[in-house]
Structures are given as structure tokens and as C-alpha cells.
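Have the viewer open as you read.

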Amino acid sequence: MAGTTRKFTLTSWIGLALIAANLVIFLAGPLLAPYGLEETLGTPFAAPSAEHPLGLDQNGRDMLSRMLYGAQLSIGVSLLAVGLSFSIGVPLGVLAAIRGGVTDIAMSRTVDAIMSVPVLISALVVLQALGSSLPVLIITIGLLDSTRVFRLARILAQGINAMEYAEVARLRGEGLVWMIRKEILPNAMPPLVAEFGLRFCFTFLFVAGLSYLGLGVQPPFADWGGMVRDNQQGILYGLYAPLFPAAAIALLTIGVNLVVDWLLAGRTTVQGENR
Amino acid sequence: MTEVADRVLSIRDLRVVAPNGAVLVDGISLDLKRGEVLGLIGESGAGKSTIGLAAMGYGRGGCRIAGGQITLTGTELTQSGKSVREAMRGARIAYVAQSAAAAFDPSMRLDRQIIEAPVQHGVMTAPEARAWMLELFRALQLPNPESFGLRYPHQVSGGQLQRAMMAMAMAAKPDVLVLDEPTTALDVTTQIEVLALLRDTMRRYGTSALYITHDLAVVAQIADRLMVLRHGKEVETGATGEVLQAPKADYTRRLVAEREGSLRPARGSQKAGGEVLLALDRVSAGYSGLTILNDVSLSLRRGETLAVVGESGSGKSTLARLVAGLLSPAAGRVTFAGRALEGSYRKRGIADLKAIQMIYQLPDVALNPRQSVGETIARPLTFYRGLKGTALRDELRQLLALIGLPDDFADRLPGALSGGQKQRVCIARALAAQPDLLICDEVTSALDPLIAEDILNLLRKLQDELGMTYLFITHDLSVVRRLAERTVVMQKGRIVEDRPTADLFQTPQAAYTRTLLESVPELRQDWLDDIMARRAR
């Protein structure tokens with residue numbers, strides 16, 4: 001990112017606006033909420049009205065308020081889990097690629113073994129055994145996701161490590177730290193940033209899945225994914241209720257991806273084609 | 001003046017614009033008569049490939065034909081619709097690319113790919129197309145023409161694949177061929193063979209062609225007329241002989257002079273040479289059981305330039321990698337400055353790593369795209385010599401001056417440099433280590449002729465000023481002649497000849513050296529005829 005000024009495009013503005021809106025909700029959601037988190041205010045699945053712009057949920061609670069409260073958990077859990085998975089997966093993946101040999105085989109096969117069990121099953125076992133609390137939830141998702149990040153980081157680093165500029169550095173006698181920090185990571189950034197955006201969105205949905213099974217965010221606390229699941233029977237009766245939290249997830253996902261696309265536009269390729 | 005009916009291709013005031021608005025080709029007009037070959041000459045970025053593709057009514061990567069007329073056998077392409085243009089491509093005009101390997105579908109047999117165009121365009125029925133393909137295979141002297149088409153692309157050699165691509169281009173009997181550097185990727189000995197067959201086949205069937213190349217000597221053998229291009233504009237056009245013997249434009253004169261200069265021997269500075277710096281004694285090496293270097297012995301004195309020449313697969317690059325420490329010898333001894341040299345760079349001490357530096361063929365991938373020129377050159381200065389602060393900045397400035405780049409280039413990323421400038425930065429990075437030996441692996445192969453000459457001059461200057469020792473790996477004999485005092489010729493992993501360059505060029509001893517030397521195209525137009533006649537005897 002060496003001092004290049006980036007031109008704002010229409011899509012970048014939309015993406016930045018969506019992220020900014022989510023950031024405000026994330027930071028100040030409960031203050032903005034007109035009603036309490038657990039207040040029962042009317043009949044379940046009441047249609048949107050003047051007092052309740054997004055209607056009521058399956059228990060007759062204000063949908064808008066619950067979504068504003070839910071933002072902290074939804075975004076916070078995903079962000080922390082993805083952050084954790086990257087801070088584990090990237091260094092290990094790059095290390096495996098540079099060291100190669102036994103180190104690489106041991107690490108890669110371990111990751112393969114973990115990945116051979118469906119993520120949901122692994123998560124269920126861990127959460128069942130340790131009980132579901134937020135730290136356990138975040139660490140479990142972060143660890144399981146780091147296997148995917150490891151594989152991406154490893155394959156990227158292998159490609160870069162085979163480039164001649166990396167060979168020049170090795171022949172110069174550079175150590176591991178320089179190789180990772182100066183030669184490999186800066187050139188692996190674009191695909192990693194894109195992956196971060198995607199992983200963030202996947203984690204959202206994964207937390208929703210766990211919540212549905214009773215192992216994610218625990219009631220009465222709200223998270224957007226869980227709210228979709230809780231209100232899903234509404235769809236059968238042609239009600240709006242589940243669409244609102246789903247739309248919130250979709251908008252954040254689109255916002256993140258628009259910004260990621262914008263950040264990556266005009267970047268050099270890994271191959272150093274400098275286009 | 002040409003009869004209108006006789007013109008197969010006519011381009012008027014062609015203007016091609018890139019998506020970012022840059023004008024790639026501006027105001028080009030040309031005419032091609034039936035059976036005529038027009039050579040388009042110029043360095044990269046001159047717009048020669050763009051003109052070739054525009055002749056087919058095509059713009060690559062979003063490039064747009066913004067103005068002018070292109071008339072192909074009576075049909076105006078720029079005004080006609082997509083379906084008309086597509087009907088012409090492959091049928092009336094066909095394209096031959098530089099890399100045949102990339103032009104063929106690896107999962108399809110050759111014959112199916114070759115008869116596809118004529119059958120698709122409804123020019124011929126499948127049996128007719130097959131019969132014509134066989135005739136082309138015979139004309140192009142492909143081995144076992146009847147069964148050649150049954151092979152897959154990976155089952156034939158590079159030269160054969162290039163000829164198969166010629167057959168594919170001519171499959172629908174087009175009026176015009178666009179030949180884009182069709183022999184550049186081939187070894188010199190294969191190149192003349194393909195070149196001669198290409199020319200004879202086109203002559204036999206009266207095919208016209210736009211022949212795109214950067215190599216004046218190659219185009220001299222095949223083109224009736226030449227158009228010299230620079231920055232998308234025409235520099236001069238004329239009969240091949242006139243342009244080569246009496247170039248009018250200054251730029252053409254420089255191109256011709258460079259090519260002629262390359263055929264003259266190097267300045268005769270036969271330096272005495274110091275003590276032996278690098279010695280290989282009966283070294284063999286290879287990858288996983290495959291022996292690539294076989295019993296190689298050579299020695300290099302301080303201040304000397306030793307060229308290692310050979311075709312692809314001769315083991316010359318493996319030799320460079322072995323000296324650099326990227327490959328350990330399986331047998332034999334390597335000594336450097338009187339001491340035994342460890343096989344792997346991992347085991348070498350920092351002093352040995354510092355003393356042997358390498359410059360690569362492709363400066364694009366040899367520079368980290370995320371490090372500025374300054375960072376790139378400064379790293380060896382701090383790493384090997386511990387320079388900091390003002391001393392570092394002074395040394396950096398001196399190195400930039402040495403390679404002929406202004407100070408403010410230090411802040412640029414490699415993406416903002418031209419190919420020649422990138423190679424200069426690579427040289428500066430190597431020099432920053434104050435090495436004793438510089439391994440140059442095909443350092444000029446990816447550069448345009450005039451730029452390559454600048455780089456060679458720079459290397460020569462550095463040798464005079466700093467007493468550098470070069471191990472120069474190349475397939476280009478003209479480079480050898482201009483730079484090296486001594487030359488080693490390699491074939492299939494063995495050294496076939498090791499002598500002073502001047503002697504080697506005058507009286508080549510090994511048969512392979514003779515073949516290699518006479519395969520280098522000369523600027524004379526009758527060179528190809530001469531050499532083919534000599535070989536026929």
C-alpha cells in the first residue's frame with residue numbers, strides 16, 4: 001500500500017456507507033434501541049407499524065430493538081473469531097511453505113485431518129463438551145476456521161517463495177522473519193484481504209447455525225443469524241419477520257465485499273506482473 | 001501502383017486505443033499484395049502485434065479500433081458486424097502466435113484442432129480438410145504425415161508444434177497470415193529450419209503475410225517489404241533490401257547498426273586475468289535421478305568473462321544454479337577463491353554468499369513488487385556491509401548513478417519502471433554486495449535489442465571500473481561475441497568446446513559448435529538460401 005492514493009468509486013462509497021452504518025450500530029446499538037431486549041410488546045409476528053417499524057418477532061418483541069442489540073454480538077463474535085483464525089492460520093501457513101519438508105508435512109496433514117471432519121460436527125462436540133459461552137464459541141470457531149486460512153496462506157506463500165525475488169533473498173542469507181515480513185506477506189496481502197471479507201461473512205452464518213442448535217449465542221441474547229432461525233417459521237405464513245435480520249446480514253456482507261473489491265482493484269498480482 | 005484487385009489487405013489510417021485512452025497505434029496505412037510478405041519491425045510497445053490483430057478486426061484486452069479502414073479481400077471490417085468479422089477470421093485471415101504450446105488445446109489430438117476451422121467455416125468438408133492437412137504436413141516436412149495428426153500437442157517437439165500451428169493457420173486456405181514472432185521461442189538451430197519451411201510453404205500457395213518480429217535478421221530472410229514502427233507510429237517503409245542497406249530514419253539506422261554490431265567480434269581486450277576464482281572439477285549434477293550436468297570441468301579467472309552457451313536443455317542454467325548454491329553437485333569438486341565451496345547455499349558462510357551474486361533473465365519477477373528501488377538496493381548494503389544513515393544514503397546514490405538512474409528513482413516501486421530500468425536495479429542490487437563473481441543468467445534475453453545493448457555496455461563498463469568477473473549464461477551468440485573473452489559451448493549437459501571467443505568463432509572445432517554458429521541469422525537477405533543450400537549438400 002505504498003502511498004498510492006485510491007480513487008473512490010460509486011460502489012466503494014456504497015460499501016463504505018454500509019460498513020459505517022454497521023459500525024455505528026455495533027458501537028451504539030443498545031442506545032439507539034427504542035425498546036428493551038426482552039420486552040414483550042404485542043402479538044407474535046405483528047406486521048410493521050408506526051411504533052414498530054420492523055414489526056414484532058416470534059415472541060412479540062420489537063424486531064428493530066433486538067436487531068440493534070444483536071449487532072454487538074453478531075459482529076463482535078464474527079470479527080474476533082475471524083481475527084483469531086487469521087492470526088493463527090497465516091503465520092503457520094507461511095512457515096509451512098518456507099520450511100517445507102517434515103514441518104510442512106506434519107502441519108498440513110494435521111490440518112487435513114481436522115478438515116476431514118465437518119466443521120459443524122467438530123464445533124458441536126467441542127461446545128457440547130465445554131459448554132457454550134462466548135469465549136469458547138469464539139475460540140472454537142477461530143481455531144476451526146484457521147485450517148482454511150492455513151491452507152490459503154500456505155499455497156500463496158509457496159507460490160511467492162518460488163519467485164526469483166524470494167530466491168534472491170534466500171541466497172542473500174536472509175532469516176525467517178525477513179522472508180515472512182518483507183518478501184512473502186506484502187505480496188500475499190491481496191488474496192488474504194479478500195479471504196478475510198469472505199470468512200467474516202461465513203462466520204456470521206456459522207454462528208447462526210450453532211445458535212439454531214442451541215450451542216451458539218444463548219437466549220435471551222440476540223444475534224442476527226439466530227434471529228433468522230428463530231423467526232423462520234414466519235416464512236411459511238408469508239410474514240416479513242425473518243427477512244429483516246437476513247437483510248441485515250446481506251447488507252453487511254455486500255458492504256464488506258464491495259470495500260474488499262475496491263481495496264484490491266488495481267493492485268499488482270502475486271506474480272509481480274505489475275499491471 | 002498496385003492494382004486494386006491484387007490487394008488482399010489494405011489498411012488506411014488505423015488508430016487503436018487502449019481502454020485507458022492511450023493511443024497504441026496511430027495513423028498506420030499499409031497494403032498487402034497477393035503472395036507478399038510485409039515485415040513489421042519494432043521493439044515491445046511499438047504496436048506491431050496490435051496492428052496484426054487489428055488486421056483481423058480484433059482488439060485484444062478491451063483495445064478498440066477507433067478509426068481508419070481495414071479492407072480484407074474486398075470486405076470492410078471496421079464497418080461490418082461481428083458475424084462478418086468472425087466469418088473472416090480463420091477462413092480469410094489466420095493468426096500464428098509466438099507460443100505454439102499455448103495455442104493448442106492440450107487435451108485434443110492435433111488433427112481435430114487443425115481441421116476445425118475449415119469445417120466450422122464451411123470452407124471444406126471434413127475429408128477435404130483432412131486431405132489438405134496432409135498436404136500441408138508434407139509441405140512442412142513433418143515426420144510421418146499420415147499419423148502425425150493423431151498425436152497430442154505434448155507428444156511432439158517445439159519445432160514440430162510450431163509447424164503444426166502453421167498448418168492450423170493455413171487449414172482453411174486463408175489469403176493472409178498474421179505471424180506474430182513465430183520463431184522467437186525456438187532454439188537457433190530449429191529456427192532456421194522452421195523459417196525456411198514457412199517461407200517455402202507460403203510461396204507455394206501464394207499466401208500473403210504480416211510478419212511481426214523484433215529480429216531484423218530473421219525478417220530479412222522472409223519479408224519482401226519492411227515497415228519499421230515505434231510508439232505506434234510508422235518510422236519508415238520500403239523494400240527489405242533498401243531499408244536494411246540504406247535506412248532513411250535515424251531509428252532504423254540504430255536498429256541496423258545494433259544488429260550489425262552484434263555480428264562483429266568483441267573489442268580485443270584480452271585481459272591477462274588474475275588468479276583462478278572459480279573452478280569446477282568433473283562436476284555432475286541433476287534433479288531426482290536425472291543427470292543434467294555430466295562431468296563438467298571449467299575454470300574462471302578474476303576479471304574475466306566466461307560465456308556458457310547452448311540451446312534449451314543443454315544444462316547451462318543448471319550450471320548457473322549449481323554455482324549459486326541452489327543445486328548441490330552429485331559428484332565432483334567446486335572451488336571458489338582457492339577454497340572448496342559448499343554445495344548448498346544454506347551451508348555456505350555469509351562471505352561466500354556475498355561474493356557470488358546472480359542476475360536473472362526476467363527482471364519482472366526478480367524484483368519484489370512491494371519493495372521500492374531504494375529498499376531493494378539498500379538491503380544488501382545493510383545486510384552485508386552494515387551501512388546505516390548517511391553512509392547508506394550516499395552509497396545508494398552512488399549505485400544509482402553507476403547504473404544510470406536518477407536519485408528520485410529510489411522511491412519508485414518496480415511497477416513504475418521499464419524492463420531495462422528494472423534490469424539495471426537488479427544489477428545494482430547485485431553490485432551492492434560488492435561481489436567477486438556475478439552470474440548473469442540470460443540477462444538480456446527478455447529485453448529489446450537497443451535496451452539489451454545498453455545493459456551489455458553497462459556490464460562492460462562495470463568490468464572496466466570495478467574489475468568484475470562474469471559467468472555469462474546465454475543462448476544468444478551475438479551477446480557472447482560482444483562480451484566474453486572465453487566461451488564454453490554446452491550440449492546435453494556436457495562441454496563440447498572451451499576456447500577463447502575469437503578463436504571459437506573463427507575456427508570452431510566441434511561439429512555442434514559449427515551448426516550453432518552458422519544458425520545465427522545474418523542481415524543478408526540471401527543468408528537463408530545459402531545455408532539451406534549448404535545443408536542440402
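Start with chain B: the UniProt annotation "domain: ABC transporter", from an unreviewed entry, covers residues 9-256 and 278-517 of that chain. Keep in mind as you look around that this is a predicted model. Take residues 9-256 of chain B to begin with: that span is 40% helix and 26% strand, and its end C-alpha atoms lie 28 Å apart. For residues 278-517 of chain B, the end C-alpha atoms lie 27 Å apart, with 41% of the span in helix and 26% in strand.

Now turn to where the two chains meet. Chain A puts 15 residues into the contact, and chain B puts in 20 residues. On the side of chain A that touches chain B, helix 6 (164-172) and helix 7 (176-212) of chain A each supply at least two residues. Helix 6 of chain A gives the most there, with five residues. By type, the residues on this side of chain A come out as six nonpolar, five polar and four charged.

The largest nonpolar core has 136 residues, and Val308(B), Ile439(B), Leu471(B) and Phe472(B) have the most contacts inside it. Its largest share, 17 residues, comes from helix 2 (residues 63-99) of chain A. Zoom in on Phe472(B): setting aside neighbours within four places in sequence, its contacts include Thr305(B), Leu306(B), Ala307(B) and Val308(B), as well as Cys440(B), Leu483(B) and Ala484(B). Apart from this core lies another, of 81 residues, with Leu38(B), Ile65(B), Phe137(B) and Ala171(B) among them.

Definitions and conventions: Residues numbered from 1 in each chain as written. Chains lettered and ligands numbered in written order. Predicted model: local features only at pLDDT ≥ 70, side-chain atom pairs only at ≥ 80, totals over all residues. Contact = placed C-beta atoms within 7 Å. Helix = DSSP H or I, 4+ residues; strand = E, 2+ residues; numbered from the N terminus. Nonpolar A, V, L, I, M, F, W, Y, C, P; charged D, E, K, R; others polar. UniProt positions renumbered as here; feature names shortened; annotations may be inferred. Core = buried A, V, L, I, M, F, W, Y, C linked by C-beta atoms within 7 Å. Buried ≥ 20, exposed ≤ 12 C-beta atoms within 10 Å, placed from the backbone.
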